[in-house]
Amino acid sequence: MYHFNMNMGYSNIVAYARGDVTGDGIPDNVYLTGVKTPESPFVQNITLVIRDGRTGISTTIPLRENAGYNPTLFLGDFTGDGVDDILIGIASGGSGGMMYYYIYSFLHNMARLLFDFNVYNEQYQYTVTYKDQYKVEVVSKSNNQKYIIDISTRSAEYLNEIYDKNGKLKEPITGFVNPISGLYPVDFDSNGVYELLAYQKIAGRYNADSLGYIQNILKWKNSRFALDNQYVAIFGAQV
């Protein structure tokens, strides 16, 4: 078992991956270290550590959000430069399933933050508005796209709380879209460069009232991750 002495307690390796992240053609060792909570899966002081495969020198990169559950690492080329980047995922543990995600480049031993979940959540905002005749309107503000979800297959009990017998809203109702809850590397065009598939849950009157998911496909363009495609995935009939 490897250990690193950190400022906060005694850190263990909580995730590990191996690949060339510096661009010199020699595989490097990439770790997430953290302080485990006794008798709990909660991990604190999660830190990115990169050990250069050529020199053996380790570089430590602190994370802004550095506490949570099930920290993971994935190495892959997201920018098209032929060198692995580092995707970090940490579960927040909250009821909404919110995740913390970062992507770092470490080309030429220089750390560069490519993706920050907080920046993403601020950029991709939505409105969710119930409409007459058993419809819910979802508007994506970042690209000015509108989607209509048909909820007429919901149970009579659910619909009767919201609509009168003529399908008119009894009162105005708004829902919401949760922060990012999933970020998956997918090589959609099979060119060796990964795109990002981001999930955000669409909720109705409360968080457990799930209506579907926003699915954003992000692609590296002009030195940033830009929206390439957007979909809304809806659930089938629910109570």
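This is a predicted model: local features need pLDDT of at least 70, side-chain atom pairs count only at pLDDT 80 or more; totals for chains, interfaces and linings use all residues.
Local features need pLDDT of at least 70 and side-chain atom pairs count only at pLDDT 80 or more, while totals for chains, interfaces and linings use all residues. Residues are numbered from 1 along each chain as its sequence is written, and side-chain values use heavy atoms, with hydrogens and water left out.

The whole structure holds 15 aromatic pairs (rings of Phe, Tyr and Trp, the last by its six-membered ring, with centres within 6.5 Å; planes under 30 degrees apart are stacked, over 60 edge-to-face, the rest tilted). F115 and Y120 form a tilted pair, 6.0 Å centre to centre with 40 degrees between the planes. Both F115 and Y120 are buried (under 20% relative accessible area, with exposed over 50% and partly exposed in between, for a 1.4 Å probe and protein chains only). Y184 and Y199 form an edge-to-face pair, at 5.6 Å and 85 degrees. Y184 lies in strand β14 (residues 182–186) and Y199 in strand β15 (residues 195–203), so the pair ties together parts that are 15 residues apart in sequence; strands are DSSP runs of E, at least two residues, numbered from the N terminus. Y184 is partly exposed at 42% relative accessibility, as is Y199 at 23%. Ring pairs also link F74, F78, F115, Y120, Y124, Y194, W220 and F225 into a cluster.

Key:
Helices (H or I, at least four residues) and strands (E, at least two) are DSSP runs, numbered from the N terminus.
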